[in-house]
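Subject: Structure handover and findings

Dear colleague,

Please find below the structure I promised to pass on to you. I would be grateful if you could read the notes that follow it with the coordinates open beside you.

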Amino acid sequence: MREIIEYVEKKTGKKAIVDKAGENAPYNGVPEYSINTQKAQTLGFRFSSLHDWIYELLDYYVWNDRNRS
């Protein structure tokens with residue numbers, strides 16, 4: 001998470017405000033969940049790595065935020 005926050009800070013030139021006393025996010029307090037993907041992989045589904053697409057997605061949103069009319 002820190003890596004992504006630092007990336008967005010660098011791209012936007014703004015410092016993220018991270019505060020444990022801040023407003024609750026919708027999923028705070030919800031137990032962590034994981035999904036067993038073995039069956040999908042056995043059937044031939046290939047999962048992508050987060051690093052394969054996350055930075056392009058972040059760039060898209062940063063660019064759109066900067067160019068809002």
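A surface patch, as the word is used here, is built from residues that have over 30% relative accessible area and no salt bridge, with like charges joined within 9 Å and nonpolar side chains (Val, Leu, Ile, Met, Phe, Trp, Tyr) joined within 5 Å. The accessible areas come from the Shrake-Rupley method with a 1.4 Å probe, and for residues only the protein chains shown count as cover. A salt bridge is a side-chain nitrogen of Lys or Arg within 4 Å of a carboxyl oxygen of Asp or Glu.

Please bear in mind that this is a predicted model, in which local features need pLDDT of at least 70 and side-chain atom pairs count only at pLDDT 80 or more, while totals for chains, interfaces and linings use all residues. Residues are numbered from 1 along each chain as its sequence is written, and side-chain values use heavy atoms, with hydrogens and water left out.

With those terms in place, Leu50, Trp53, Leu57, Tyr60 and Tyr61 together make a nonpolar surface patch of about 530 Å². One of them, Leu57, belongs to helix α3, residues 54-66 (helices are DSSP runs of H or I with at least four residues, strands are runs of E with at least two, and both are numbered from the N terminus). Leu57 has a relative accessibility of 34% and therefore counts as partly exposed, the classes being buried under 20% relative accessible area, exposed over 50%, and partly exposed in between, with a 1.4 Å probe and protein chains only.

Within α3, the residues Ile54, Tyr55, Leu58 and Val62 are buried. Seen down the helix axis, the buried residues of α3 fall within an arc of 90°, so they line one face of the helix; the arc is that of the directions from the helix axis to the C-beta atoms. As background, an α-helix has 3.6 residues a turn, so residues three or four places apart point the same way. Glu56 and Trp63, by contrast, are exposed on the other side of α3. The cover over the buried residues of α3 includes α1, residues 2-12, where contact means heavy atoms within 4.5 Å.

How many salt bridges does the rule give? The count comes to three. Asp59 pairs with Lys11, their closest N and O atoms being 3.8 Å apart. Because Asp59 lies in helix α3 and Lys11 in helix α1, this pair ties together parts that are 48 residues apart in sequence. Both partners are partly exposed, Asp59 at 29% relative accessibility and Lys11 with a relative accessible area of 35%. Another salt bridge joins Asp65 to Arg68, with 2.1 Å between the closest N and O atoms; Asp65 is partly exposed at 40%, whereas Arg68 is exposed at 62%.

The side chains of Glu9 and Lys15 also meet in a salt bridge, at 3.6 Å from N to O. Glu9 is found in helix α1 and is buried, with a relative accessible area of 14%, while Lys15 is exposed at 66%. Leaving aside neighbours within four places in sequence, Glu9 is in contact with Arg2, Lys14, Lys15 and Ala16.

Ile5 is likewise found in helix α1, and it touches Ala16 and Val18, not counting residues up to four places away in sequence. Ile17 lies in the loop between α1 and α2, residues 38-42, and counts as exposed at 81% relative accessibility.
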